[in-house]
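The following exercises concern a predicted model. Please work through each task before reading its solution.

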Amino acid sequence: MKLAKGITWVNVNCVAAAGDGKLTLVIETVGEFDITCTSNTPHLGVNQLDLSESRKGRFRIETTDHVQWVADIQVPD
């Protein structure tokens, strides 16, 4: 994925089937975010990246089977 210079929004929503779960969102060449997903309340997360230069990076989610998630990335035009 190409990430343009400027503000990029990374949205991650998750919930665990039982107990708390951990989710790691990795954007190669940029960084990673750890999120705790609870079983009683969905986590609605928004992260802002302010990139000083454009770059390419692969988007990856690492978590366990009992965590359900949805994520999207909004890049500048």
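**Exercise 1. Determine which residue forms a salt bridge with Glu62, and which residues are linked in a network of salt bridges.**

Solution. 
Step 1. The closest N and O atoms of Glu62 and Arg60 are 2.9 Å apart. A salt bridge requires a side-chain nitrogen of Lys or Arg within 4 Å of a carboxyl oxygen of Asp or Glu, so Glu62 and Arg60 form a salt bridge.
Step 2. Arg60 also meets the side chain of Glu28 in a salt bridge, at 2.9 Å from N to O.
Step 3. Arg60 belongs to strand E7, while Glu28 sits in the loop between E3 and E4; the pair therefore ties together parts that are 32 residues apart in sequence.

**Exercise 2. Classify Glu28, Arg60 and Glu62 as buried, partly exposed or exposed.**

Solution. 
Step 1. Buried means under 20% relative accessible area, and exposed means over 50%.
Step 2. The relative accessible area is 33% for Glu28, 34% for Arg60 and 37% for Glu62.
Step 3. These values lie in between the two cut-offs, so Glu28, Arg60 and Glu62 are partly exposed.

**Exercise 3. Describe how strands E3, E4 and E7 are arranged in their sheet.**

Solution. 
Step 1. Strand E3 (residues 21-27) is joined to E7 by 5 bridges, and the two run antiparallel.
Step 2. E3 also pairs with E4 in the antiparallel sense, over 7 bridges.
Step 3. The order of this open sheet of 3 strands is accordingly E4-E3-E7. E4 and E7 (59-63) are the edge strands, each pairing on one side only.
Step 4. Val26 illustrates the arrangement: Arg60 stands opposite Val26 in E7, and Glu32 is the bridge partner of Val26 in E4.
Step 5. E3 and E4 form a hairpin with 3 residues between them, and Thr29 in the turn has a positive phi of about 75°.

**Exercise 4. Identify the disulfide, and state whether it is left-handed or right-handed.**

Solution. 
Step 1. The torsion about the S-S bond is about -95°, so the disulfide is left-handed.
Step 2. Cys14 lies in strand E2 (residues 6-16) and Cys37 in strand E4 (residues 31-37); the pair, 23 residues apart, links distant parts of the chain.
Step 3. Both Cys14 and Cys37 are buried.

Conventions: Residues numbered from 1 in each chain as written. Predicted model: local features only at pLDDT ≥ 70, side-chain atom pairs only at ≥ 80, totals over all residues. Heavy atoms only, no water. Disulfide = S-S within 2.5 Å. Helix = DSSP H or I, 4+ residues; strand = E, 2+ residues; numbered from the N terminus. Buried < 20%, exposed > 50% of the residue type's maximum accessible area, 1.4 Å probe, protein only. Pairing = 2+ DSSP bridges.
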